[in-house]
Each structure stands twice: as structure tokens, then as C-alpha cells.
Amino acid sequence: MTEQYAIAIDIGTSGIRAQALDLESKKVISTAITLRHPLPGANVVDHLHFAITVGRKTAHQLLMEAINKVIKNLNINLENVGRVSVCGNPIQLSLFHNIEIRDLAYWGEHALERLDVTPPPRNATIISPEEIGIQIPSKAEVYIPPAIKHEIGADALAMLFKSSVLEKKGTYLVSDFGTNAEIGLVIDGEVYSCSAAAGPAIEGQMIEKGRLASPGTICDLKLTDEGWKTRILDENLIARDGNIVDPSSGEIIREGEVEEKAIGITGTGVIAAYSLGLNTGLISLPKIKSRDHKIHLQEDIYLTEKDIENIGKALGAFRAAHITLAEEADVYLDEIDATYMAGASGFYVDPNKSLDIGQIPPSSKEIYQIGNTSLAMARDIVIDPNLLDSLQKIADGMRGKHITLATSRNFEKIYSLELSMSEQGMPFWMYNDWLNKYGFQKIPPKASNPKIHRIFEKDIPELGEYGLKIVKIGSLLKADFKKCINCLKCMESCPEEAIVIENGEAKVKTDLCSGMACLRCELSCPEKIFKYKEFLTEDERKDT
């Protein structure tokens, strides 16, 4: 009998994760991930801006090229794939499905009417691979789970569904820790939700030596009597002891069990360094108190003051979001019965350090680390497609309120205090005083001896028989600028070295490009003929 396969895909803001499953045994066969997103930019807003400016067709094609490359690395016969399920936030799934995205960018009914935009329903749906360009047999089915509302995607539904908090009495905080952190405060089944744009630093991006969680990256740090002990992910994404180092100088005090060279530091490693640095006095915001103003770790991996500033801003978004949700729901943070931490960043980080620095409320008495719920729900759907109907019923019946932080006056006031701490060194007691002056609740004291439940050994619990494959992606967009004088100013100005220009033909490597939030290439052009929106994929150029 020919084996039949299914594929589960998580489209995250910082990368793609996919798994192949045997439909008969329901077991995972293999796992493939990317360490970058195929669209230019560092966050979901960048991806949306790119898709609107350059074109949804281009954005969809770039995403599908990357997904097809990932599934080809799953070590299965794609001709025998019968089911695919995908999970992600509304922007990623809309680009995947190639449907209207402008309603996610423009606020208010009048704006949508003026632009003649009709928001799509974003309900649970089944489509064919041919509709979107997945390179598997046309008879296969592709399952897309529902969004709760257009602002709250399937990734938020996944963390609520997999944590089971919707069925419980009590008050619970659930967060999917990532670049665009989905946060839900659930009170007796009623959900107050928001998306905190924490930024790429939370996953190790926009950090000088940073990388997404992958083999060889520093994911945690432990304080010992001798120095700081590094914890490094092995080839199975399990944390192992690395060297003990002096963080002020980088001197190796004792070698660890990991013999391979560290290749970078994840967001959770940066959070650990931030916590230890503050607790030991090595960091006095916004400064690092070493001779060269760096925190030195293993194999010339270090953090700069700019890195510390970026992670401080990211952590500030979490804490400001927590207070904003609690104020909207009229509860105190110390009334939360349990906190759930989802996603790779929420799994590998030490919860005690998260308590110290505001990534989760310090009063959290019980903490659950539940791994990649988005990928887990995609697996559940391909194993039992009937779950799609059940998820739609949950989405339809969900009670609650979504708080748009971008327009929240409360969030604006609180986040300004966070910036005062991370950028100007405002002391924490003054922060609490200002919260009181604004009429908000103060940050409660840290819980003593919180109970920590780590549900799995790693954020993707089962990698499968063939293990983990890291897939390098990178598409080229091209444009011809006929009046180009070949001064190369655009290429020289690119901070990511993503541009090559020859005789007026410009090429941009999309996975490296910072996208519409940067545009140094366009701004640096002395002839003003470099136009980012004119870039096309190779297929689009053939069509024209």
C-alpha cells in the first residue's frame, strides 16, 4: 500500500515551519524550517506594507516559492500528499490564500468604502492546491482555519484552543511570543485580546549577532559562581550546557559539553542576558558597564548597547499590553490564575527571567510553557479535518473584545513610560509612580516560587524520523531603471547588503531586505529614478 502523507505549516512573521505526517500512523516524519521570512521586512506590518505597495500578486508568489521549497525538503514523495493545513496571523494567511489584504491595513468603515474594499469573511475554508500554487497533486485538499475577527487570526485561536483556557473558570493570560505577539486575557471564557508589535528583537532578529532559534544558537544563560554559563541548542533543538564565560571580557572560565561553535544568539538568549545584566549591575539602562560597552558570550557572540535598547523596547510592548488589557477588563494583574507561554520564544525563555523583566506579569503564580501552538493546531487539522468545523464554531461563539493598541490612549501612555526606562534609565519606582498618576494599576511584586510547567522538551515536540532540516530561502526581485547612472549609491546605502545593481538592472534579495520601513536605496538615488514599487519577480517580468 502506498503511503499517504499530510503536511502541517506554520507561517510565522519571522519564518516558516512545516512538518510531514504519515496519515495512517499519524506520526511526524520530518520537519523543515526557514530562519527568515521570504518577504522583505522585519515584522508583519512591513510584510503588509510591501504587499500593498509592490503588489499582492508579488507577495503571494514570494511566499509560495518559499513554502514549495520548504515542503520539497520534507523528505517525502509529494505525489502522495493528500492534505495540507496552514496556520498563522490574518496577514500571513491572507497572503497565502491570495485574498484581499487592504482591510487589514486601513482603519475604519469610511476608509474601506472610499477605497472600495470589501473585507473577506476569513472563515474556515478548504481550497485546492492549484488555487494558490502549492506543488502537490491537484486532488489534495488545503485547509485554512478561521480568524476570530479580522484583527485576530488563526494563530491566536491556536494558542487559546491548545491551552484549553476557553473551557476553564478563572482568569488566564495567554501569549504567543513572537515579533507580533498575540496576547489574550481570558476571564471565565471571555477573551480580551491584542497584538503587541514587540518587534524582531524578541526572536533574535535586528540583533547584531542574533538568529532565530536553530542549532548552534545561544538560547539561555545561567548565573554561576564563576561566571555566566551559556545554553546552546543542539541539532534536535534541545538546550545543552556551553562554556562559562566572563561577560565583561569574554574570557572562557570553563568549557561546556557543547563542542560545536556557537553561531549566534536567539531572542530568548538576549532576554536572559538582559535579565542577568540588570540583576548583576552589568547593565545600567541604557548603558552596558563593561570596558567596550558589550556583553561578551561564547565564540565572539556579543550584545551591544543598541541590542539592549531594541530588546528593552520589545519587552516594554509586552508589559504595556498586559496593563492595557487588565485595565480594559477591569481586573488586577495579580488576579491572574495562570500564565501560558506559547511559541519558540515563549518556550525556550526562562520564565523566572521573564518575570524579572516584565515579559510576563511578575505576579504569575503558575506558568505553562506550551510550545508552538500554531504548528500544533495545523497538525491537528490535517489529522482530523472535521476539526475545521469545530474551530469555526469556537470562532463564531467567542465572547470578548479586541483592543487595537495602535489607537489605544492607555497603551500610548504606558509605552511612553517603558521607553523612558529602556532609553533614558528612568528607575522602576518612578515608573510605578507615573502609572499611579495616570490612574492605572501599579506593577505587582514578583510571585515567590511560581510553579512552572514545561509541557514538552522542545517547542516542536516531535521532529520525526528524518529530523530537522533548515532550508535556505531567498528570491530575487528585479527592476530596470533605464536612466540609471550606475553610481551604486543604492547598493552602498543598503544596511543588509541585499541589493546588487549592474547596468541599470537592480536585484533585491527579498529575505535580506528590510523592505518599506527602510527604503534607503530609493532615498539615496541622486537621479530619483530608483522606485522600489517597480520590482517584480522573474515570472512577472516574463508576463510583461
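The model is a predicted one, in which local features need pLDDT of at least 70, side-chain atom pairs count only at pLDDT 80 or more, and totals for chains, interfaces and linings use all residues. Residues are numbered from 1 along each chain as its sequence is written, and side-chain values use heavy atoms, with hydrogens and water left out.

I then looked up the strands around that pair, taking strands as DSSP runs of E with at least two residues, and helices as runs of H or I with at least four, numbered from the N terminus. Two strands count as paired if DSSP finds at least two bridges between them, and β9 (residues 190–196) pairs with β21 in the parallel sense over three bridges.

Next I checked helix α8 (residues 305–329), which packs on the sheet and touches β7 (171–176), β8 (181–187), β9 and β21, where contact means heavy atoms within 4.5 Å. The direction of α8 makes about 30° with that of β8; axes are lines fitted to C-alpha atoms, for helices over the stretch in contact, and angles run from 0 to 180 degrees between N-to-C directions.

Last, I turned to strand β6 (residues 141–144), which runs parallel to β4 (residues 81–88) and is joined to it by three bridges. Arg-83 has Glu-141 in β6 as its bridge partner. I also noted that β5 (residues 125–127) and β6 run antiparallel, joined by three bridges, and that Ile-127 stands opposite Val-142 in β6.
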